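Thank you all for coming; I would like to walk through a structure that may be new to you. Please have a look at it first, and then we will go through a few places in turn.

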Amino acid sequence: MLGNAGRRADVLRVIALDGPIPRTRIADALGVSSATVTTITRELIESGLVTMSGKRPASGRRGRPLEMLSIAPDAATVLGAKVSDDHVTAVTTDLRGSVTGRWVLPFDPRQDDAPARLGHLLLDTVGDVPLVGVGLGVPGTVANGDAGAVTTPMFGWRDLPLGSTASDILGVPVVVDNDVNTLAIWQHLHGAARDVENFLTVTIGRGIGLGVHLDGAVRRGRGGAGELGHTLAVLDGPRCECGRRGCLEAIAADPAMVGQARDRGLLEADGGIDDLRRLAEDSAEAAAVFATAGAHLGRAVANLVNLLAPEAIVVAGEGVAAWPLLAEGFVPAFDAGVLDVHADTTVIVEPWADDAWAQGAAALVLGWVLGVAPDTAGPSTSSPPDAGGPLAELDGPTAVTA
């Protein structure tokens, strides 16, 4: 049986997801008595987490009007941040997930003491805004455990205790997850996969990532699930920055395509992916670089569809700027590789938006606070956060850090 704190978290979750809502519907949703819900909602109103938002007539002709309850969105603030290879995108949100602040901050993750510098950067940015928690999305794998330890070849990080270090500096719980997982969470809440229970998010650009959202929740395995870019695409192929050869990322990510174009004399040494994309408008050889990369990506995604049977594939990331060129190879390879039983799988290409990744990172914290998702990552804290405030007695889920 749930204790009082657990019941409060459940009631708050129902109000957050379905409000404005009357107490009778909350009781029905949770299978508890109306008296219990009345007691708990009175406490939540007194604490400032819940507010009354008008009345509606009772069903039928008789009965008193029903009081409608809603989350008080400004009762607490959540910070979400997406860490990239040269900047951090950060947002603050209220308890409904509505964005209340946005920042794009220069940041070099390859410098020494990156976790501490990131923590101080975020602390200086939000100032004295009272935070209930912080969500961080990073490329690479995040090990289970309270430290939120991150390993990513892109930044040269290996088992860096990002979560616990940032938590010490910020003074609140910090939840760390792979950045594509945070994007998948945003897609499910607000994006192209809203209310889709089974979908995959494939990100392209500087790297190639994967978020696996099945049966209504992100799936992380034991931590680190979704490294699509480091699956084998070509035996004894080009060397990847992870140290192995033939990874999909070493063939189809932006830096790989730029390297191929330079090797073929299509680009100067200082040419980048934007230059290659412009060149491909008039050069069949440059266009073929994108088409070949797209074909490798299409075969890899078709294999995922056959393995996991999603309803949809969401393609996102900065690399979608070149999607018309990549699609020349992707579409035929994908169509040829997918089994007939999965031929109705939808491929959705989403515009690039850093904010979406950061909002997904904030949603990690909202999921932990409100208990929205059963597999939401737990917080990294090496010292207990401030015990005060309206959220102090709410139990988050007991899942380990993802």
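This is a predicted model: local features need pLDDT of at least 70, side-chain atom pairs count only at pLDDT 80 or more; totals for chains, interfaces and linings use all residues.

Which residues are exposed on the other side of H2? They are Asp28 and Ala29, where exposed means over 50% relative accessible area, buried means under 20%, and partly exposed lies in between, with a 1.4 Å probe and protein chains only. Residues are numbered from 1 along each chain as its sequence is written, and side-chain values use heavy atoms, with hydrogens and water left out.

Helix H2 covers residues 23–30, and its buried residues are Arg23, Ile26 and Ala27. Seen down the axis of H2, these buried residues fall within an arc of 100 degrees, so they line one face of the helix; the arc is that of the directions from the helix axis to the C-beta atoms. After H2 comes Gly31, which has a positive phi, near 70 degrees. Helices (H or I, at least four residues) and strands (E, at least two) are DSSP runs, numbered from the N terminus.

Let me turn to the cavities. Searching the whole structure gives two cavities of 30 Å³ or more, a cavity being a set of points on a 1 Å grid over the protein atoms alone where a 1.4 Å probe fits but cannot get out, with lining residues having an atom within 4 Å of a point. The largest cavity has a volume of about 60 Å³, and of the twelve residues that line it, the closest to its centre are Val142, Asp177, Asn178, Asn181 and Gly224. Strand S8 (141–142) and strand S11 (174–178) each supply at least two residues of this lining.

The second largest cavity has a volume of about 50 Å³, and the residues lining it include Ile204, Asp254, Met257 and Leu297. Helix H8 (254–263) and helix H10 (284–308) are the elements that give two or more residues to the lining of this second cavity.

Finally, consider Leu214, which is found in strand S13 (residues 209–214) and is buried, with a relative accessible area of 15%. Leaving aside residues up to four places away in sequence, Leu214 touches Glu197, Asn198, Arg219 and Leu308, contact meaning heavy atoms within 4.5 Å. Leu214 and Leu308 are 94 residues apart along the chain, and their C-alpha atoms are separated by 8.4 Å.

Methods. On a 1 Å grid over the protein atoms alone, a cavity is a set of points where a 1.4 Å probe fits but cannot get out, and a pocket is an open set with protein on both sides within 12 Å along at least five of seven lines; lining residues have an atom within 4 Å of a point. Grid points are joined across faces, edges and corners, and a volume is the space filled by probe spheres set on the points.
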